[in-house]
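Q: Could we go through this structure together, one topic at a time?

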Amino acid sequence: MNLFIDTANIDEIREIYAWGVLSGCTTNPSIIAKSGRNFIEVIHEICEIVDGPVSAEVVAQDAEGMIREGRLLAQVHPNIVVKVPLLPAGLQACKVLSDEGTRVNMTLCFQPAQALLAGLAGATYISPFIGRVDDLGWDGGDLIRQIVEIYAQNDNIHTQVLAASIRHPIHLIDAALSGADVATVPYSVLKKIVKHPQTDAGNAGFLKDWSAVPQRDVAALATAWLAERGQSHGT
Ligand code: G3P
């Protein structure tokens, strides 16, 4: 499974991208509005940082407008994936853009039949909103599992399942166990994942014990040991 970040905040993207775990980024009109920046400038900047798919969403509500916006967004950077809402006009736009070779992420998916239509329209990604499904009292994990199963049974569909609306670490685990191809995760959730009290306590314990070791500069010890054997190739 691949991991994307769901944000347009450049500092957040840079920080998490440096971990080496990200292969893409998703945005939506709410996220872009929150950034307070020019849409095109910010998505171009993200594309220059993230070496992978970057979703940029159309806001037109008719197929013609979506296609026009999609064609233009796709020209901003080769990494751009055009994000389109799962409306009838969106399906129409998805088909046209996909046939032209533009990758489309069909968003706001809440039930498996919508995902089937997106797949048939040639979407590269389908974005089921698992957090918002949970909000409605349904199971977002079930939604992912059903979409994965439908796609597996239809050789004519090549759409990847991109789990979205992830609110906490359990959602990410659920997406991974359910067979999602990608999960897009907000910065705050990614930070929670790497903050485990037992990891921190264990690390502090190791450091405390190590502080009693007389020769504790690991780099100096290794450098000396390698130099003695003529094996040092620098760092
Ligand atoms: O990727 C979609 C996501 O941004 C929506 O998340 O938490 O607003 O449901 P949320």
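This is a predicted model: local features need pLDDT of at least 70, side-chain atom pairs count only at pLDDT 80 or more; totals for chains, interfaces and linings use all residues.

Q: Understood. Into which domains is the chain divided?
A: There is a domain 1, covering 2–194, and a domain 2, covering 197–228.

Q: And how far apart do the C-alpha centres of domain 1 and domain 2 lie?
A: The distance between the two C-alpha centres is 42 Å.

Q: Take Ile-126, then. What does it touch?
A: Setting aside residues up to four places away in sequence, Ile-126 touches Leu-86, Asn-105, Met-106, Cys-109, Ala-115, Ala-118, Ile-147, Tyr-151, Thr-159, Gln-160, Val-161 and Leu-162.

Q: Changing topic: how many aromatic pairs does a search of the whole structure find?
A: The search finds 2 aromatic pairs. One of them is formed by Phe-4 and Tyr-125, with ring centres 6.1 Å apart and planes at 75 degrees.

Q: Why is the pair of Phe-4 and Tyr-125 edge-to-face?
A: The planes stand at 75 degrees, and an angle over 60 counts as edge-to-face.

Q: Where in the chain are Phe-4 and Tyr-125?
A: Phe-4 is in strand 1 (residues 2–6) and Tyr-125 is in strand 6 (residues 125–128).

Q: What about the rings of Phe-110 and Phe-129?
A: Their centres are 5.8 Å apart and their planes are at 55 degrees, so this pair is tilted. Phe-110 is in the loop between strand 5 (104–109) and helix 6 (112–120), while Phe-129 is in the loop between strand 6 and helix 7 (130–135). They are 19 residues apart.

Q: Buried or partly exposed, for Phe-110 and Phe-129?
A: Phe-110 is partly exposed, with a relative accessible area of 30%, whereas Phe-129 counts as buried at 7% relative accessibility.

Q: What lies over the face of Trp-225?
A: Arg-229 does, at 3.8 Å from the ring centre.

Q: Now Thr-27. Where is its place?
A: Thr-27 is in the loop between strand 2 (24–26) and helix 2 (29–35). This threonine is buried, at 0% relative accessibility.

Q: What does the side chain of Thr-27 reach?
A: At 2.6 Å, the side chain of Thr-27 reaches the backbone oxygen of Ser-55. Apart from neighbours within four places in sequence, Thr-27 is in contact with residues including Asp-6, Thr-7, Glu-57 and Lys-83.

Q: And Asn-28: which residues is it in contact with?
A: With neighbours within four places in sequence left aside, Asn-28 is in contact with Glu-57 and Lys-83. A polar atom of the Asn-28 side chain lies 3.0 Å from the backbone nitrogen of Ser-30. Asn-28 is in the loop between strand 2 and helix 2, and counts as buried at 16% relative accessibility.

Q: One backbone matter: what is phi of Leu-108?
A: Phi of Leu-108 is near 65 degrees, a positive value in a residue other than glycine. Leu-108 is found in strand 5 and is partly exposed, with a relative accessible area of 31%.

Q: And phi of Ser-165?
A: Ser-165 has a phi near 55 degrees, a positive value in a residue other than glycine. Ser-165 lies in the loop between strand 7 (160–163) and helix 9 (169–177), and is buried at 10% relative accessibility.

Terms used. Residues are numbered from 1 along each chain as its sequence is written. Side-chain values use heavy atoms; hydrogens and water are left out. Helices (H or I, at least four residues) and strands (E, at least two) are DSSP runs, numbered from the N terminus. Buried means under 20% relative accessible area, exposed over 50%, partly exposed in between (1.4 Å probe, protein chains only). A polar contact is a pair of N or O atoms within 3.5 Å; within protein, one must be able to donate a hydrogen and the other to accept it, and residues adjacent in sequence count only if both atoms are side-chain atoms. Contact means heavy atoms within 4.5 Å. Rings of Phe, Tyr and Trp (its six-membered ring) pair if their centres lie within 6.5 Å; planes under 30 degrees apart count as stacked, over 60 as edge-to-face and the rest as tilted. A charge sits over a ring if NZ of Lys or CZ of Arg is within 6 Å of the ring centre and within 35 degrees of the ring normal. Domain bounds come from an automatic or database domain assignment.
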